[in-house]
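Keep the structure open as you read.

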Amino acid sequence: MNQDELKAQTGQESVKYIKSGMTVGLGTGSTVRYMVDELGKQVQAGKLTNITGVTTSRRTAKQAQDLGITIKDIDDIDHIDLCIDGADEVSDDFQGIKGGGGALLWEKIVANASNQIIWIVDESKLVHKLGKFPLPVEVVPFGAQLVFNRFERKGYKPSWRMDGDQKFLTDEKNYIIDLHLGEIDHPEKLADELIHMVGVVETGLFLNRVNDVIVGTQNGPKILH
Ligand code: 5RP
């Protein structure tokens, strides 16, 4: 199986954890696309009823609505039963980097409102230590170059997330700076430092958040607790 088939496998498998009546956080990314497709099929077939989705990006909202899944604004619900989202890296101790698709801020807000979180990844995302995948940091446009320069001085090897020849804009109209750190020895310390820098809105470090990880492998989906 190629990587795309592994993503499809884990995305489809994760729908088994959704029960009728649930409010479900719908993540963002190519793996989540498979999950939302499968959820849409089951809703259309009447196998899952009374499902409410809360999405982590406009992209996912459009896909889900096109499939007939009821979507609510996060401010109109009081909790989310289960959030299913992708990840860019998952370490041995269940810490993660997310935001490869640029949706980290809404993803963190949805995760924060969720009683249970499942990440769906293909096996290439499992790492011993975080940091090989560039760490996305969302920053407000005003003064963003100053934040970028500060990252440079700290040796964090920043690069602008681009969309063609323009800076990538998140759903909140912010920029993303990717930090090429190589290895992150102390993720909690780094997350704390970054979030306290003026101009930083959120980081792609998702620490102590996930309950289960469904991994797409050549031998079928594997669940890690
Ligand atoms: C988007 C994310 C994605 O979940 C993450 O980038 C994984 O994406 P994919 O399933 O396409 O590999 O965090 O902001």
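Start at the ligand. The shell of residues around the ligand holds three nonpolar, ten polar and four charged members. This is a predicted model. The shell has 17 residues, and those that come nearest to the ligand are Gly29, Thr31, Gly86, Gly100 and Gly101. Two helices, α2 (30–44) and α4 (104–112), each supply at least two residues of the shell.

Follow α4 next. Seven of its nine residues are buried, so the helix is mostly covered. The buried set is Leu104, Leu105, Trp106, Glu107, Lys108, Val110 and Ala111. An unreviewed UniProt entry lists Glu107 under "active site". Is Glu107 buried or exposed? Glu107 is buried, because 29 other C-beta atoms lie within 10 Å, and 20 or more are enough for that label. Which residues does Glu107 contact, once neighbours within four places in sequence are set aside? They are Gly27, Thr28, Thr56, Asp85 and Lys98.

Now turn to the nonpolar interior. In soluble globular proteins, nonpolar side chains tend to be buried together. The largest nonpolar core here has 54 residues, and Met35, Trp119, Val137 and Ile177 touch the most other members. Helix α2 gives this core its largest share, six residues. Take Ile177 as a way in. Beyond its neighbours within four places in sequence, Ile177 is in contact with Val137, Val139, Val147, Phe148, Phe151, Pro158 and Trp160.

Five of the five residues of β9 (residues 135–139) are buried, so the strand is largely enclosed by the rest of the structure. Both faces are covered. Leu135, Val137 and Val139 are buried on one side, and Pro136 and Glu138 are buried on the other.

What does β9 pair with? Strand β13 (residues 175–179) runs antiparallel to β9, and five bridges join them. Tyr175 in β13 is the bridge partner of Val139. Strand β14 (residues 200–203) also runs antiparallel to β9, joined by three bridges. Here Glu138 stands opposite Glu202 in β14.

Elsewhere there is an open sheet of seven strands with mixed pairing. Its order is β3-β2-β1-β4-β7-β16-β17. The edge strands, β3 (70–71) and β17 (220–224), each pair on one side only. At the β17 end, β16 (residues 212–217) and β17 pair in the antiparallel sense over five bridges. One of the pairs across them joins Ile214 to its bridge partner in β17, Ile223.

Finish in the loops, with two lysines to check in the backbone angles. Lys157 has phi near 50°, a positive value in a residue other than glycine. Lys157 sits in the loop between α5 (144–153) and β10 (158–160). Lys157 counts as partly exposed because 13 other C-beta atoms lie within 10 Å. Lys173 also has a positive phi in a residue other than glycine, near 65°. Lys173 lies in the loop between β12 (166–167) and β13. Why is Lys173 labelled exposed? It has 8 other C-beta atoms within 10 Å, and the exposed label applies at 12 or fewer.

Methods
Residues numbered from 1 in each chain as written. Predicted model: local features only at pLDDT ≥ 70, side-chain atom pairs only at ≥ 80, totals over all residues. Near = placed C-beta within 6 Å. Helix = DSSP H or I, 4+ residues; strand = E, 2+ residues; numbered from the N terminus. Nonpolar A, V, L, I, M, F, W, Y, C, P; charged D, E, K, R; others polar. Core = buried A, V, L, I, M, F, W, Y, C linked by C-beta atoms within 7 Å. Contact = placed C-beta atoms within 7 Å. UniProt positions renumbered as here; feature names shortened; annotations may be inferred. Pairing = 2+ DSSP bridges.
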